[in-house]
Amino acid sequence: MYTTINGFLNDWKQEASLTLQVLDKLTDASLSQAVSDAQPRTLGEIAWHVTQSVGVFFNQIGLQQEIPTPVAGSASAIAEAYRRASESAITELSANWTDKDDQLQEPIKLFGFIDTTVGGVLNTLVRHQIHHRAQITILMRQAGLAAPGVYGPNEEETAAMKAARSQS
């Protein structure tokens with residue numbers, strides 16, 4: 001749970017950067033990769049969901065954010081919309097909230113039925129993003145893309161590091 005605006009902003013900037021690394025690797029062709037035959041949700045749909053959720057969560061705490069409209073088949077549109085949504089959320093939060101107001105401790109009903117605090121909503125937003133980012137990286141592999149290492153090197157990055165060490 002976040003207790004300071006700066007604590008959230010530091011975490012958000014790191015996680016948003018990691019999400020952008022993933023979204024920037026998507027291709028238009030990869031967006032149609034489905035979870036499975038039984039679960040037809042696609043990589044593109046999940047990526048748009050992550051992108052739109054930034055505004056949805058921020059709107060829940062009273063910071064009016066635009067919810068981007070999906071552009072079918074455009075990986076670059078997803079990454080750019082996410083970049084704008086994240087930057088707008090940071091700007092809005094930084095400009096309007098301070099820790100002196102103790103706003104993070106205010107009780108709220110997330111989506112009208114989940115009892116939490118404003119800090120809890122921000123915590124849920126970060127965890128939500130991490131959850132779906134992991135789904136995206138799995139679907140990237142299924143679509144034939146190498147997902148970037150997020151919290152450490154991926155398979156290809158590890159192999160390159162090992163090869164570089166053996167060359168030394």
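**Close-up 1. The largest nonpolar core and the residues with the most partners in it.** Of the 45 residues that make up the largest nonpolar core, F8, W12, L26, F58, I61 and I136 touch the most other members; a nonpolar core here is a set of buried Ala, Val, Leu, Ile, Met, Phe, Trp, Tyr and Cys residues joined through side-chain atoms within 4.5 Å. Two or more residues of this core come from each of α1, α2, α3 (75-96), β1 and α4, and α3 gives the most, with 10 residues. Helices (H or I, at least four residues) and strands (E, at least two) are DSSP runs, numbered from the N terminus. This is a predicted model, in which local features need pLDDT of at least 70 and side-chain atom pairs count only at pLDDT 80 or more, while totals for chains, interfaces and linings use all residues. Residues are numbered from 1 along each chain as its sequence is written, and side-chain values use heavy atoms, with hydrogens and water left out.

**Close-up 2. Helix α3 and its buried residues.** Helix α3 has 22 residues and reaches 32 Å from its first C-alpha to its last, close to the 32 Å expected at 1.5 Å a residue, where the expected span is 1.5 Å times one less than the number of residues. Its buried residues, including I78, Y82, S86, I90 and L93, pack against α1, α2 and α4. Buried means under 20% relative accessible area, exposed over 50%, and partly exposed in between (1.4 Å probe, protein chains only).

**Close-up 3. The aromatic pair of F8 and W12.** A pair of aromatic rings is described by the distance of the centres and the angle of the planes. The structure holds four aromatic pairs, and in the one formed by F8 and W12 the rings are stacked, at 5.9 Å centre to centre with 25° between the planes. Rings of Phe, Tyr and Trp (its six-membered ring) pair if their centres lie within 6.5 Å, and planes under 30 degrees apart count as stacked, over 60 as edge-to-face and the rest as tilted. Because F8 and W12 are four residues apart in helix α1 (residues 5-23), they are separated by about one helical turn. F8 is buried at 1% relative accessible area, and W12 is buried at 0%. Y2, F8, W12 and F58 form one aromatic cluster. Leaving aside neighbours within four places in sequence, W12 is in contact (heavy atoms within 4.5 Å) with residues including V54, Y82, L125 and Q129.

**Close-up 4. The aromatic pair of F57 and F111.** The rings of F57 and F111 have their centres 5.5 Å apart and their planes at 75°, so this pair is edge-to-face. The pair links distant parts of the chain, 54 residues apart, with F57 in helix α2 (residues 43-60) and F111 in the loop between β1 (107-110) and β2 (114-117). F57 is buried, with a relative accessible area of 6%, whereas F111 is partly exposed, at 36%.

**Close-up 5. Three histidines from a UniProt annotation.** In an unreviewed entry, UniProt lists H49, H128 and H132 under "binding site"; although spread over 84 residues of sequence, they cluster in space, with a largest C-alpha distance of 10.3 Å. UniProt positions are given in the numbering used here, feature names are shortened, and annotations may be inferred rather than shown by experiment. H128 is found in helix α4 (residues 118-142), and H132 also lies in helix α4. H128 is buried at 16% relative accessible area, and H132 is buried at 6%. Not counting residues up to four places away in sequence, H128 touches H49, S53 and F57, while H132, counted in that way, touches R41, I46, H49 and V50.
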